[in-house]
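Take a look at the picture, then read on.

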Amino acid sequence: MILSRGKNDSASSRHLPNSNASKSAPPSLEEFIMKRDYTGAKVFLEFTLDSEDQDKQIVIEQWLAFCYFHLGDYQQALDQYQHIQQLEPGLDDLILNKAVCMFYLGMYEDAQNLIEQIPNTALKLRLMFHLAHKFNNEEEVMNLLEKLQLQVEDQLSVASMHYLRAHYQESVDIYKRLLLDNKDYTAINVYLALCFYKMDYYDMAQEVLDVYLTKYADSTIAINLKACNRFRLFSGRVAEQEIKNISDNGTFGADLIRHNLVVFRNGEGALQVFPTLLNIIPEARLNLAIYYLKNGEVQEAHSLLKEMQPTIPHEYILKGVVHASLGQQLKSQEHIKTAQQNLHLVGSSTTECDTIPGRQAMASAFFLYGQFEEVLVYMNSIRSYFVNDDIFNYNFAQAKCATGCYKEAEELLTQINDIEMKNQHTYCMILAKCHIHSGCPELAWNIFITRDSSSEAFLLLQMIANECYKCGEFWVAAKAFDMLEKLDPSPENWEGKRGACAGVLYGLVTKSEKSRPHNGIADVIGLLRDSSNPQAESMIKVIRKNANLLK
């Protein structure tokens, strides 16, 4: 990940040397470097920079560039190396160091052109390996992979490539092997923790991360990862507390901290922060698209991801969700098909099929295919992880309803607490249908009478009328068709009302347990009187003539 381009202070520089130690002897450059206090080392070097000895000055400037690089100020490091090149053009590794700075600044083509003129070294091969990945040159990646050796630096590059391609288990295997042979390389624990985090093993991630934090409690990257673990395990508020100290100060990784704070705060400040980080932090583009989706700005989310070629599972998932949303909005089968392909690809992947996101993706794909029995298979397998998740319960209820499990769907829908979700037309339609098929048609009627007058309310009324008729709940069907006839006195609505009234009368004669009018035949006659259809009067006469049978 490319970190901050800004000029920042290292976290360790906030811890001043012990006053007694200061009195006994001033710290040396080596002591600053060993403590990872690169700001302190930079100040030390700047103080000694005015040397008349040019050779000594060049060495000092090389160390200054080293400090800028480790502070994440890659532009200043590059400028420093360019200045050194003017003083001593033939210095070893100078061009390669410039190319590394360019890589971290996202200047991939410049870095590639620069290193073509220098002989191969282990560092050059590693840089070429990562540049090939950035250029999506798969053939070159594989060629260079064969040239990398078993030395630690080369194996770390291989592991990082696996990580970038979401092959987290392969990365874990390499890191574990390296740690076994190099127990003093404590930082590998951070890389291992990152893999566990990506695999959703948050407790394991924290366990190995603590090994590093015990030794380097002020590490910005480690503290940030700990905060991300807290975000996944608890909440954004808990996560924010973890990085409060480093977010209040200019530190290495400041861009990363700014990005994550927006995520922890549920998107607060997204439009101010994410757009400025699109070419610095890869996740910024994805999270900005998610923000647009959550706020109903589907076209903006699609525009943001249109040119992105997914390479890892969550990119495929997000692109699938965006296309599904756009397909529903535009009634476009082309977008729906693209969504199905992206989601199915993740769900059927051997690396993702048994993960929670993988099963969610497969359930979503089958949902779009309309194969709801398959949806339930996948959603049932992960239900225990989403017991109180309103979105999961909403989707689960829709699948249950589509497969005729109305009582279970009704229970899931009534568990939802999100007010905005409960006011949605689709939610009301599904809940009303579930009430009807669960033997509670009056509850469905109550949903209608609490809705505003609109075209959506008209559709809800039609659904209640037809579903109640099909279920033999004729009294509520009669009331619904009566309302429909008043709004639209068409032959179809009259026929529905007439049939429902006949059904009510039949229920009264047979003592049916279905919903019955409170005042018996008087309520039925009242509905028929409101009709302008001439057949209504004939029905009333027949009802009165046979009133004794209907009591």
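Let's begin with E46, which is partly exposed, because its relative accessibility of 36% falls between the 20% and 50% cut-offs. One thing to keep in mind throughout is that this is a predicted model.

**Salt bridges**

E46 has a charged partner: it forms a salt bridge with K42, and the closest N and O atoms are 3.8 Å apart. Both E46 and K42 sit in helix α3 (residues 38–47), four residues apart, or about one turn of the helix. Is K42 buried or exposed? K42 is buried, since its relative accessible area is 16%, and buried means under 20%.

How many salt bridges does the count come to? The count comes to 17 salt bridges.

| E46 | K42 | 3.8 Å |

Take the pair of E408 and K400. E408 counts as partly exposed, with 38% relative accessibility, while K400 counts as buried at 8%.

D530 is partly exposed, its relative accessible area being 47%.

**Two helices side by side**

Next, look at helix α12 (residues 188–198) and helix α13 (residues 202–215). They pack at an angle of about 170°, and their axes are 8 Å apart. So α12 is roughly antiparallel to α13, because angles over 145 degrees count that way.

Which residues meet there? On the α12 side they are N189, V190, L192, A193, F196 and Y197. On the α13 side they are Y202, M204, A205, V208, L209, V211 and Y212.

**A nonpolar patch on the surface**

L233, F234 and V238 form a nonpolar patch on the surface, and together they have about 260 Å² of accessible area. One of them, V238, lies in helix α15 (residues 236–242). V238 is partly exposed, with a relative accessible area of 33%.

**A buried histidine**

H302 is found in helix α20 (residues 298–305). At 14% relative accessibility, H302 counts as buried. What is H302 in contact with, leaving aside its neighbours within four places in sequence? The answer is V322, H323, L326 and H335.

**Two positive phi angles**

Most residues other than glycine have a negative phi. A166 has a phi near 65°, a positive value in a residue other than glycine. You'll find A166 in the loop between α10 (152–164) and α11 (168–181), and at 8% relative accessibility A166 counts as buried.

K511 is not a glycine either, yet its phi is positive, at about 55°. Where is K511 placed? K511 is in the loop between α32 (491–510) and α33.

How values were computed:
Residues numbered from 1 in each chain as written. Predicted model: local features only at pLDDT ≥ 70, side-chain atom pairs only at ≥ 80, totals over all residues. Heavy atoms only, no water. Patch = residues over 30% accessible without salt bridge, like charges linked within 9 Å, V, L, I, M, F, W, Y side chains within 5 Å. Areas by Shrake-Rupley, 256 points an atom, 1.4 Å probe, with all protein chains shown as cover. Salt bridge = Lys/Arg side-chain N within 4 Å of Asp/Glu carboxyl O. Buried < 20%, exposed > 50% of the residue type's maximum accessible area, 1.4 Å probe, protein only. Axes fitted to C-alpha atoms, helices over the stretch in contact; angles between N-to-C directions. Parallel < 35°, antiparallel > 145°, perpendicular 65-115°, else oblique. Contact = heavy atoms within 4.5 Å.
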